[in-house]
Amino acid sequence: MTTLAKPFVEPRIPSRATAVVPTVADLPWLVGYAIAFLAAHHIAAEWGGRGFYSLLYPAAGFRIALLWRRGPRLTLAIIVAEILVQIGTGVIDPRSAGWLTALIGVIRPPLVYGLIVLLVRTMADRAQTSMSVAPMPLGLASVGAPAAAALTALPWSLLRPDLTGVSGLRETVTSLTGFVVGDLLGVLLLAPPLLWVADLATGGTLRPGRPSMASVAEAVVILVASFAIEILLARIGLGTPHTPVLLAVAWIGLRFGRLASWLAIVVVAAMVLPQTAMPMDMGGRLALHMSLASIMVVGYLAGSFADAQARVRVDLERRDRLLFQAERLKTLRAMSVAVIHEISQPLSTLAIEAKHLHELTVSADVEIATTAALIDRKAAALSTLVRRLRRFGGRTVDVPTPLPLATLIDTVAALARPEAKSHGVTLSIDAVAPDLVILAQEVELAQAIVNLVRNAVQACGNGTVILGVTRTNRGVELVVVNGSRPARPEQPGMGIGILVARAIVEAHGGTLSRVTDTAGNTRATIALPLVGEPE
Amino acid sequence: MTDTACGMVYVVDDDQDLGAAVARLLRRHGHVAEPFLDPAPLLEVYERAPAHCIVTDVMMGEIDGFDFADRVRLLDPAVAIIFMTAWPTTANAVDSVRRYGGLDYLEKPIDEDRLLAAITEGVAWSKAQRSALARTAGLTPRQRQVFDLLVKGHNNQAIAAALDISPKTVEDHRAAIVAKTGTNGIAQLIALAR
């Protein structure tokens, strides 16, 4: 196979009209969010102030984590959940005169958060820079959402002072700064660990490796040194600039990634927040929290950037390996075409002469006749095989044509049997009804099925791989089933076979799904439309 | 196998064993077959000993199968040509039939039944061509012009106008053509022209 065909059957796109309505699977998440929001909202009151709710707002962390994890389509559901909580706690009192103001105040932040998450995700899907490599988009959303929420609040606050309860530009800006700082601290402290735990629980990410002692020591030394410098600067009367800690956290983020930078941020926050929870003057508290917020933003973005870079590097290495493999396959293909040619020439002679010998010796001695018949049969079988192999290896993409499934399965069987046999695996193929016809590029689709069979053979534990075809009400299903092998050694492939198979099947307007049950049996199913069936 | 279905066949392949094997196979089926390693010597002797059918490899030394087909067609338009190759491509398959007038394009290892069927068809076609050519060979240039227009469906008046001669002269030429080719009516003349 040289190129993948463009899809010649349009994929079916699911209707998006109902996308904003939460599914049943979303409900536990939303209920959990409502409870967490209620608790976090009240804890935050400790750092409250005039004109803003709190200088530390963990509820925003839960909000962005849920939006990122389950998608911005849950924005409306989150707004509803927050309204319900706030009605329950009496923040929105439907009987009071200011209920509409309170309602708008509750709706605005989650709405802006949802829009920012949507915007960042859309941009990340299109962009090709390092900004679009995970976890950079999450970092951008984490910083952008609180800032955007505050910015959208600015015109409202100026026009309707009753929203924030403060008046004048000076007071309004102070109020919104408090709002941004509170949300930023909440988001950066909570969202990363929440998302990480959720990923870990669903197996979406790997447990990080144990860091080396040297790295831990380096991070600790740098952090301690930065604190020491700050204390020194304060002692000699230079005030309390937070630049040393900021640089230390940025360094840790760039060197060791997001997890390390987050841990450093937590350490810094743990030292600052208990102080600011105590009664202290507003200006000082705001200044401390702003410094903390900038340390967190810089640290978190540095960590995210380092992770994104590491990811890009891994991707590049993987792509390099793929390139080597592709190059090797190209050489292999050229070699096999040459070998087929070299074989076909003498084989032509051999087949002609063997047939002649067979015809000559029909009435001869039984021993001679049997031998001649055998040679003739083998030469003929070999000729068929060489022609088939050449068709598979030599031809480029041709147009899709109606193809009986039985023919396709025959081709697959001929290509896959030798490999199965060499692995000591029996390939069991069900009889295929002759009236099942699909629209297909034979060589490509055969390649897809062979890839699945090859994977099944390599992973097979009980010595049998089953290839079955069943007719469904929507078309036809090809199923490749293999038993498990207890201890599976690392396989040489890199999952390319499955990727290629999926691309081919989807170009044929079908789907490929793979399910491994608890016993370890894997079942790969290709669903394809039949020719002449209504869509 | 009847005698009319058997003919003279040349097999051209740079693999000596394969050429010889195919030639022997054809001889067993009643044809007179001769293998050639190289097309050049065959082209030299061809006019003295034309064949009904030529089976040729495509990829050969100096002269490839297609080049050879072009040259042999110049010498003999009534020979059927069958290509065989170990490097089949769709483009070559189409060219072999459309551009080089091949009867078939066979993939190695050769499918024996298909080769024999193609040879039988080629020999029959070649014999029909030769007999038609022989029957129209005695026509004068003027008669040939009238013949060509006749088989395209023109009537006497149209032919007279086209060649700037009188309808009576056309009538005379028609009688001569029918006599020389031994045909009976316009339908048989058209069959000859095919």
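**Close-up views of a predicted two-chain model**

**View 1. The loop that holds B:D164.** B:D164 sits in the loop between α7 (156-163) and α8 (167-181) of chain B. The model is a predicted one. Although B:D164 is not a glycine, its phi is positive, at about 60°. Most residues other than glycine have a negative phi. B:D164 has 6 C-beta neighbours inside 10 Å and therefore counts as exposed, the cut-off for that class being 12 or fewer.

View 2. B:K108 and B:P109 are joined by a cis peptide bond, with omega about 0°. Most peptide bonds are trans. B:P109 belongs to the loop between β5 and α5 (112-136) of chain B.

**View 3. The parallel sheet of chain B.** Five strands of chain B make an open sheet with parallel pairing, in the order β2-β1-β3-β4-β5. At the edges are β2 (32-36) and β5 (102-107) of chain B, each of which pairs on one side only. From one strand to the next, the twist averages 15°.

**View 4. Strands β3 and β4 of chain B.** Five bridges pair β3 (residues 53-57) with β4 (residues 80-85) of chain B in the parallel sense.

View 5. The axis of α2 (residues 39-46) of chain B comes within 11 Å of the axis of α3(B), and the two cross at roughly 5°. Because angles under 35 degrees count as roughly parallel, α2(B) and α3(B) are roughly parallel to each other. On the α2(B) side the contact has B:P39, B:L43 and B:Y46, which meet B:F68, B:R71, B:V72 and B:L75 in α3(B). By class, the residues of this contact are six nonpolar, no polar and one charged.

**View 6. Nonpolar cores.** The largest nonpolar core has 70 residues, of which A:I64, A:L188 and A:M296 touch the most other members. Helix α6 (residues 169-201) of chain A gives the largest share of this core, 12 residues. With neighbours within four places in sequence left aside, A:M296 is in contact with A:L184, A:L185, A:L188 and A:I265. Another core, of 43 residues, lies apart from the largest one. Among the members of this other core are A:A351, B:V22, B:I81 and B:M84. In soluble globular proteins, nonpolar side chains tend to be buried together.

**View 7. The contact of chain A with chain B.** Chain A gives 14 residues to the contact and chain B gives 14 residues. On the side of chain A that touches chain B, α10 (282-360) and α11 (366-394) of chain A each supply at least two residues. The most come from α10(A), with 11 residues. By class, this side of chain A has four nonpolar, seven polar and three charged residues.

Conventions: Residues are numbered from 1 along each chain as its sequence is written. Chains are lettered from A and ligands numbered from 1 in the order in which they are written. This is a predicted model: local features need pLDDT of at least 70, side-chain atom pairs count only at pLDDT 80 or more; totals for chains, interfaces and linings use all residues. Two residues are in contact if their C-beta atoms, placed from the backbone, lie within 7 Å. Helices (H or I, at least four residues) and strands (E, at least two) are DSSP runs, numbered from the N terminus. Ala, Val, Leu, Ile, Met, Phe, Trp, Tyr, Cys and Pro count as nonpolar, Asp, Glu, Lys and Arg as charged, and the others, Gly among them, as polar. A nonpolar core is a set of buried Ala, Val, Leu, Ile, Met, Phe, Trp, Tyr and Cys residues joined through C-beta atoms within 7 Å. A residue is buried if 20 or more other C-beta atoms lie within 10 Å of its own, exposed if 12 or fewer, and partly exposed in between; C-beta atoms are placed from the backbone. Two strands pair if DSSP finds at least two bridges between them. Axes are lines fitted to C-alpha atoms, for helices over the stretch in contact, and angles run from 0 to 180 degrees between N-to-C directions. Angles under 35 degrees count as roughly parallel, over 145 as roughly antiparallel, 65 to 115 as roughly perpendicular and the rest as oblique.
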